Amino acid sequence: MSWGWVRRGGVHYDVRCLNHEESAMRSVHCLGDSKVTIGESPKPSADELSLVMRVKASAICGSELHALRMKPEELPAEYDNGGHEVVGVVEEAPAGSEFKAGDRVGARIVEGCGECTFCEQGYDTACLNKRIYAEPGGHAEYFRVGVRSAHRVPDGCDWPEGAILTGDGLGVPIRAARRLGDTKGKQVAVLGLGPVGLSNTLVQSWGGARVMGVDISAYRVNLAKELGAEEAVLGGESHDVEQAVMDWTDGRGADIVMIAAGRAEVFKTGFDLVRQQGTIIQVGELEELTFNPSGVFIRREATMMGSWYYASQDWPNMLAAHESGMPYGKLITHRFPFEEAQAAYDTFVSGESGKVVLTYE
Ligand SMILES: [Zn+2]
Ligand SMILES: [Zn+2]
C-alpha cells in the first residue's frame, strides 16, 4: 500500500491506495468503546508536496474523543487514530524543499493551495482547495505533512513541548487571541478547562487579560490558577457560576465569555454571563442545539464569534509566544511512551489532566 489523495467536499484528504511496495510502521489503532491498541499500518512516503517525519511526540486532542467512544462497528473503514499534533525528525523530504533529513519539524495539518486570496493572507484554513494531512493519524511512528505546512521546531523546547508549540496546544489559543484582538485588562470567563480552555487561560493571562476559569473538575480548576487565571471556580449543577461571575465583575458580566466546553447547557450559560455589548467566542466543538437569541443575545447586543485551529498567519505569533518565555510546557501534565497509549487515553478522559503527550524512541 502507499498513499494518494481523494477529494471530499472541496478538501483533499490523503488515503491509502494499493501499491506493490509495502513498508509497515506501528501506530495507535482506535478500536472503539474507548479502547486502543498498537497495530501496524503502511508507512507513508514523501512526494513532491509533502515530507515524512519520524515522530518523536504526539499530543492527544479532545476532538479525538468522538471516534474513541464510537462502537467498533461505527468506526470509519481503515481508521487508525485521530492524532494531529505531531513533531519529529524529517526522514524524507522532496528535493528542492527547504527541509532535509534530520530537521526538527512540527505539523500544521491544514495546508492551503498557496495561490488564492485566502492563502495570500496566510488564512489557509479558509482555502477552498486546502489539503488536510490527518490520515492514518499522528499517533504513529511516521507522519506525512505538507512541506508548506511543516514548521521548524525552535531550540529551547523538548519534543513534547514542540508538539504543544506547533499543534493545537498553542495554535488554537493564539488563533483565538487574534480573533479577539486586544484583551489587556478585560475580564474573560473561560467555561470548560479541558486542554482548549486551559491553553486559552494561559495565553489570555500571559497577554494581560483577567481570566476566570470554570470547570467541574477540581484538578483542572487548580491547573487554571497555575496557568495564570485570576479566579477559577467549580461549575456544575450545585455551583452558582452566574453568581460567581457577577460578583467578580461587580454585576456587569464578563467582557468576554469563551465557551470551551462541548455541552449545550454551557453554551446557553455563556449568554447569561456576558455583559452588555460583550463578546462570546466559541472554541469548543459542539453538537446541534436549540437556542432563542431574543432575550440575551439581541437585548444584550452581544457579539458572537468562532475560532478554528490555526493558520500560517498565526505561526509568527506562536513563535513570538515561545520567544517571550510563555510557559506553554506547563499545559502538559502527562507524558506516556507511545506503547502505553491506552493509559494515556484513560488519563486524558479522566478529567484529571491537561495535555497528554505520547513520546517515541
Ligand atoms: Zn485538535
Ligand atoms: Zn488557497
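This is a predicted model: local features need pLDDT of at least 70, side-chain atom pairs count only at pLDDT 80 or more; totals for chains, interfaces and linings use all residues.
**View 1. The site of the zinc ion (ligand 1) has Cys61, His84 and Asp168 as its protein donors.** The donor atoms are SG of Cys61, NE2 of His84 and OD of Asp168, and they lie 1.8 to 2.3 Å from the ion. Donors are N, O and S atoms within 2.8 Å of the metal (3.2 Å for Na, K and Ca); water is not among the atoms, so sites may look incomplete. Along the chain, the donors follow the spacing C-x22-H-x83-D. Cysteine 61 belongs to the loop between strand E5 (50-59) and helix H1 (65-68), and histidine 84 to the loop between H1 and strand E6 (85-92); the two are 23 residues apart and link distant parts of the chain. Helices (H or I, at least four residues) and strands (E, at least two) are DSSP runs, numbered from the N terminus. Cysteine 61 counts as buried because its relative accessibility is 8%, and histidine 84 counts as buried at 8%. Here buried means under 20% relative accessible area, exposed over 50%, and partly exposed in between (1.4 Å probe, protein chains only).

**View 2. Four cysteines coordinate the zinc ion (ligand 2).** Cys113, Cys116, Cys119 and Cys127 each contribute SG, at 2.3 to 2.4 Å. The site is tetrahedral, with angles of 104 to 114° among its 4 donor atoms; four donors count as tetrahedral if all angles lie between 85 and 135 degrees. The spacing of the donors along the chain is C-x2-C-x2-C-x7-C. Cysteine 116, in the loop between strand E8 (110-111) and helix H2 (117-120), and cysteine 127, in the loop between H2 and strand E9 (131-132), are 11 residues apart. Cysteine 116 is partly exposed, with a relative accessible area of 23%, whereas cysteine 127 is buried at 1%. Phenylalanine 118 lies in helix H2 and counts as partly exposed at 31% relative accessibility. Leaving aside residues up to four places away in sequence, phenylalanine 118 touches Tyr123, Ala126 and Cys127, where contact means heavy atoms within 4.5 Å.

**View 3. Six strands form an open sheet with parallel pairing.** The strand order is E14-E13-E12-E15-E16-E17. Strand E14 (231-234) and strand E17 (303-306) are the edge strands, each pairing on one side only. Two strands pair if DSSP finds at least two bridges between them. Strand E12 (residues 187-191) and strand E13 (residues 210-215) are parallel and share 5 bridges, and alanine 189 stands opposite methionine 212 in E13. Helix H7 (residues 241-248) lies across E12, E13, E14 and strand E15 (254-259), at about 170° to E13. Axes are lines fitted to C-alpha atoms, for helices over the stretch in contact, and angles run from 0 to 180 degrees between N-to-C directions.

**View 4. Helix H8 (residues 264-273) carries the chain from E15 to E16 in a right-handed β-α-β crossover.** E15 and strand E16 (residues 274-282) run parallel and are joined by 5 bridges. A crossover is right-handed if, with the strands pointing away from the viewer, the path from the first strand over the helix to the second runs clockwise. The pairing of E16 with E17 is parallel and uses 4 bridges; threonine 279 has threonine 303 in E17 as its bridge partner.

**View 5. Glutamate 78 and tyrosine 309 have positive phi values.** Most residues other than glycine have a negative phi, and most peptide bonds are trans. Phi of glutamate 78 is near 55°, and this residue is exposed, with a relative accessible area of 51%. Tyrosine 309 has a phi of about 45° and lies in the loop between E17 and helix H10 (315-323). Tyrosine 309 is buried, with a relative accessible area of 7%. The peptide bond from glutamate 135 to proline 136 is cis, with omega near 5°, and proline 136 is found in the loop between E9 and strand E10 (142-146).

Note on methods:
Residues are numbered from 1 along each chain as its sequence is written. Chains are lettered from A and ligands numbered from 1 in the order in which they are written. Side-chain values use heavy atoms; hydrogens and water are left out. Four donors count as tetrahedral if all angles lie between 85 and 135 degrees; four count as square planar and six as octahedral if opposite donors are over 155 degrees apart and all others between 65 and 115; anything else is irregular.
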